[in-house]
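Thanks for making time, everyone. Let me put the structure up, and then we'll walk through a few spots together.

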Amino acid sequence: MADLIEFRMDKADDPLEQLAAYDGELPIIATNRARWFGGKASDTGRLDDLFSASRFDAVEFVDIELETVRAKEWLAHEFRENDVQLIISHHDFDETPDREVLDAIIEQCAEFGDIAKVAVFPQNQGDTLTLLEAVNDATNRGIDVAGISMGEIGSHTRVIGHLYGSKLGYAPLLADDNDYAPGQIPLEKLASLIELTKNERVDGQVIDTLRSEVSVPKELTLSD
């Protein structure tokens, strides 16, 4: 059902020991998010631990904040030496930037990484369209991008984002009671909803299912 596992090192008790003990089949995205980027890691040793994690064979992706790699451009090269791909991410927990700004952020993330990830918070339904349009245009320009509109208003973008080219979707396990980004949908439910959107045409049954399972703005219409 899942293709990757994101391992939040900043939420683990002993992340490097846990990585050493991992014997699963799914590749890992290693993330060690600092407090000022919405995580729990302190600055001391955070990047060193993330670099150590990138040496494990199971770790195929490393998530680094745009602000971090922009300040330390040498980081990208150092991590690539460990044969991992880089997800360069930007989070805005307050708003969705204007389209011009959002496009520039995606371009900067892509400059440093293999996947440009943007997660923004919508104030209204129009903001979710801004995010989807930015993802779609970036994809058409050849950028591998992952776009997320957070919160209840943006929850439906997690279901349909792949239709616009979004390369990654994030979902917690239903039994996991940790705090996650607002608007996330449990893995099994999200996988089922995404499968519905892969139908050759979106009929009334699919629309009714989406409306009952995820927050869909009233102004958004789905058509053939």
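So, start with D63, which sits in strand β3, residues 59-65. Keep in mind that what you're looking at is a predicted model. Is D63 buried or exposed? Its relative accessible area is 1%, and the cut-off for buried is under 20%, so D63 counts as buried. And what does the D63 side chain pair up with? That would be S89: the two side chains make a polar contact of 2.7 Å. If we skip the neighbours within four places in sequence, D63 also touches a whole list of residues, including E6, I29, A30, T31 and R33. Further along the chain, its contacts include L50, I87, K117 and Y170.

Okay, next stop: T96. You'll find T96 in the loop between β4 (85-92) and α5 (99-112). Who's around it? Again leaving out neighbours within four places in sequence, T96 is in contact with V120, F121, P122, D127 and T130.

Which elements give two or more residues to its lining? Those are α2 (46-53) and α4 (74-80). Among the lining residues you can pick out R46, L47, D48 and F51, plus W74, L75, E78 and F79. D43, G45 and K72 belong to the lining as well. By type, the lining divides into 5 nonpolar, 5 charged and 1 polar.

That's my tour, so over to you.

Technical notes
Residues are numbered from 1 along each chain as its sequence is written. This is a predicted model: local features need pLDDT of at least 70, side-chain atom pairs count only at pLDDT 80 or more; totals for chains, interfaces and linings use all residues. Side-chain values use heavy atoms; hydrogens and water are left out. On a 1 Å grid over the protein atoms alone, a cavity is a set of points where a 1.4 Å probe fits but cannot get out, and a pocket is an open set with protein on both sides within 12 Å along at least five of seven lines; lining residues have an atom within 4 Å of a point. Helices (H or I, at least four residues) and strands (E, at least two) are DSSP runs, numbered from the N terminus. Ala, Val, Leu, Ile, Met, Phe, Trp, Tyr, Cys and Pro count as nonpolar, Asp, Glu, Lys and Arg as charged, and the others, Gly among them, as polar. Buried means under 20% relative accessible area, exposed over 50%, partly exposed in between (1.4 Å probe, protein chains only). A polar contact is a pair of N or O atoms within 3.5 Å; within protein, one must be able to donate a hydrogen and the other to accept it, and residues adjacent in sequence count only if both atoms are side-chain atoms. Contact means heavy atoms within 4.5 Å.
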